[in-house]
Amino acid sequence: SDPKKVGLYRNYAFFLSAYIRNHHTAEELNLKALTLQPNEPLILLNYASCLLLQNGKKEQGLSVLCQILENKTKKTFSNINFI
């Protein structure tokens with residue numbers, strides 16, 4: 001539960017998925033990181049790419065990508081003062 005481990009989980013998950021092709025373990029590490037920082041775009045992006053690279057998880061990966069876009073949109077518009 002140490003927030004300092006989030007970067008470690010994220011980076012190692014990316015390495016496992018992109019270079020070693022161990023998507024199952026990468027998915028587990030991404031989920032651990034997401035429990036510590038649920039809306040962190042880089043973790044969500046790693047998680048989405050990991051899912052998209054796995055057979056049968058394309059829809060789940062696309063759903064995570066949509067979540068990233070929704071979060072980005074909410075943050076962008078929350079900083080704008082409409083007249």
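Tutor: Glutamate 27 is buried, because its relative accessible area is 8%; buried means under 20% relative accessible area, exposed over 50%, and partly exposed in between, with a 1.4 Å probe and protein chains only. The model is a predicted one, in which local features need a pLDDT of at least 70 and side-chain atom pairs count only at pLDDT 80 or more, while totals for chains, interfaces and linings use all residues. Residues are numbered from 1 along each chain as its sequence is written, and side-chain values use heavy atoms, with hydrogens and water left out.

Glutamate 27 has a charged partner: lysine 57 forms a salt bridge with it, and the closest N and O atoms lie 2.8 Å apart. This pair joins distant parts of the chain, since lysine 57 sits in the loop between H3 and H4 and glutamate 27 in helix H2, 30 residues apart. A salt bridge here is a side-chain nitrogen of Lys or Arg within 4 Å of a carboxyl oxygen of Asp or Glu, and by this rule the count comes to 1. Lysine 57 counts as partly exposed, because its relative accessibility is 24%.

Beyond its neighbours within four places in sequence, glutamine 54 is in contact (heavy atoms within 4.5 Å) with His23 and Glu27. Leucine 53 belongs to the loop between H3 and H4 as well. At 47% relative accessibility, leucine 53 counts as partly exposed. Not counting residues up to four places away in sequence, leucine 53 touches Ser17, Arg21 and His23.

Arginine 10, in helix H1 (residues 5-20), is buried yet has no salt bridge; the nearest side chain of opposite charge, glutamate 40, is 5.0 Å away. For such charges, Lys and Arg count as positive and Asp and Glu as negative, while His and the chain ends are not counted. Leaving aside its neighbours within four places in sequence, arginine 10 is in contact with Leu42, Ile43 and Asn46. Tyrosine 19 is also in helix H1, and it is exposed because its relative accessible area is 59%.

The wider setting is as follows. The protein has 4 helices and 0 strands, where helices (H or I, at least four residues) and strands (E, at least two) are DSSP runs numbered from the N terminus. Buried residues make up 30% of the 83 residues. Among contacts with a separation of 6 or more, 40% come from residues 24 or more positions apart.

The protein averages a pLDDT of 83, and 82% of its residues score at least 70; pLDDT is the predictor's confidence in each residue, from 0 to 100.
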